[in-house]
Amino acid sequence: MRMSMLSNFQNYKIFTPGPTPVAEDILRMGSWQPPYNRTQSFSELTLEILEGLKVLFNTRGEVAILTASGTGAMEAAAKGCLSPEGRALIVNGGVWGQRWVDICRANGLPFEEIQLAPGTTVDPGDIEARLIGGSFDALLINGHETSTGVLYDLPAIGEIARRHNAIFIVDAISTVGADEFQMDDWGIDVAILSSQKALALPPGLSFVALNQRALDRLDSAPSSGIYFDLKTYLKNQARGQMPYTPAISLFLMLHERLNQMRRAGLDQGIERHAQLARYFRDQLPDLSLQVFPLRPSNAMTAVRCANGINARELVRILETQHSIYVAPNPGELETRVFRVSHMGDQHEEDVDGLCIALRSTIDSLRPVREMSQ
Ligand SMILES: *Cc1c(COP(=O)(O)O)cnc(C)c1O
């Protein structure tokens, strides 16, 4: 690829639910020479990061840091906390619920799923009905199903999991930092996060938070290979070291981000996502667009197009003519729905710019529709 083509990437505005925009000051840290990591200073940095992560998850448990994308952390959690002798119930409301299904299948972990129509939420009563009788020892869900924009009712579901003694594992990758998340108070045993969502960092790091119940499971689980064995991470992290060379540059950026988030206040950070989401959603009626899910998150808006506007085409025109990336929708929603993230270093002016581009794109798509009728 020519350099000029590469530098083109710099000109895009992104509204994708990962990666998300990274602030300038954090980006600059990525250009530092990575320091040697087997040192006392790096151990101190790591220990401070671990404290910051516990605050972010709202847990008194432990957090393992992996140099991997979110799926790596999901797989590590499943291998460490599920067993071939048990059975997991998976709430599958889209691509990310399906990721749990694929992980269990690939690792020989027995499961059943509750499949949801796209954009709908799960009725906690349906979960309870399946858990009664004790044939499941684990419940797997995503806090926010990022493919449809649905935010699940985690406190209600956590209470049910606890009542029926199922270990509750939550992929909170697009939840933590954007919507309220109380790991301990909501009875969540394992929670997963990655760097490229509301943390507003480049992709490459992911995190598995575990409470005592999950740590006990981990202890009794057979070894899950080398790289994704969470026990090895927790053991080394106790002295501030990582078992294998981590994404050192991302550690520096993460340390700074956690400090920034703590200084600004975690509640304010969540309120900020809510504000931006409202600001965007308030402009949708004028554009003949609608919020798609029944129970939307602060992290992202899945947007339903008016009749005759092809969402896939709209996504393509935003990219090619306006240098804006929004996310297309996977699967059967592809032509009707697209997704706009509110995570990362984003401001009202950015949303205004997006809405202007949406207006012009929608206007340009209308005549095509009328001619083809
Ligand atoms: C982004 C995301 C993931 C992460 O996937 P990776 O590409 O492996 O980082 C997982 N679950 C949810 C809900 C997500 O939004």
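Is Gln241 buried or exposed at 5% relative accessibility? The structure examined here is a predicted model, in which local features need pLDDT of at least 70, side-chain atom pairs count only at pLDDT 80 or more, and totals for chains, interfaces and linings use all residues. Residues are numbered from 1 along each chain as its sequence is written, and side-chain values use heavy atoms, with hydrogens and water left out.

Gln241 counts as buried because its relative accessibility is 5%; buried means under 20% relative accessible area, exposed over 50%, and partly exposed in between, with a 1.4 Å probe and protein chains only. The residue Gln241 is found in the loop between α9 and α10 (248–264). Helices (H or I, at least four residues) and strands (E, at least two) are DSSP runs, numbered from the N terminus. The side chain of Gln241 makes a polar contact with the side chain of Arg38, at 2.7 Å. A polar contact is a pair of N or O atoms within 3.5 Å; within protein, one must be able to donate a hydrogen and the other to accept it, and residues adjacent in sequence count only if both atoms are side-chain atoms. When neighbours within four places in sequence are left aside, Gln241 is in contact (heavy atoms within 4.5 Å) with Asn37, Arg38, Thr39, Ser43 and Asn236.

Strand β10 (residues 205–210) is mostly covered, six of its six residues being buried. Leu205, Phe207 and Ala209 point one way from β10, whereas Ser206, Val208 and Leu210 point the other way. Two strands pair if DSSP finds at least two bridges between them. Strand β2 (residues 62–67) runs antiparallel to β10 and is joined to it by six bridges; Glu62 has Leu210 as its bridge partner in β10. Strand β9 (residues 190–194) also pairs with β10 in the antiparallel sense, over five bridges, and here Leu193 has Phe207 as its partner.

An open sheet of four strands, with antiparallel pairing, has the order β11-β12-β15-β14. Its edge strands, each pairing on one side only, are β11 (290–291) and β14 (327–328). Helix α11 (residues 266–281) packs on this sheet and touches β11, β12 and β15; its direction makes about 15° with that of β12. Axes are lines fitted to C-alpha atoms, for helices over the stretch in contact, and angles run from 0 to 180 degrees between N-to-C directions. Strands β12 (residues 300–304) and β15 (residues 337–341) run antiparallel and are joined by five bridges, with Arg339 of β15 as the bridge partner of Ala302. Helix α12 (residues 311–322) packs on the sheet as well, touching β14 and β15, and its direction makes about 45° with that of β15.

Met300 lies in strand β12 and counts as buried because its relative accessibility is 0%. Met300 and Phe9 are 291 residues apart in sequence and 22 Å apart in space, C-alpha to C-alpha.

Helix α4 (residues 70–81) is mostly covered, with nine of its 12 residues buried, among them Met74 and Cys81. The axes of helices α8 (residues 212–220) and α9 (residues 230–237) come within 10 Å and cross at roughly 115°. Their contact is made by Leu215, Leu218 and Asp219 of α8 and by Leu230, Lys231 and Leu234 of α9.
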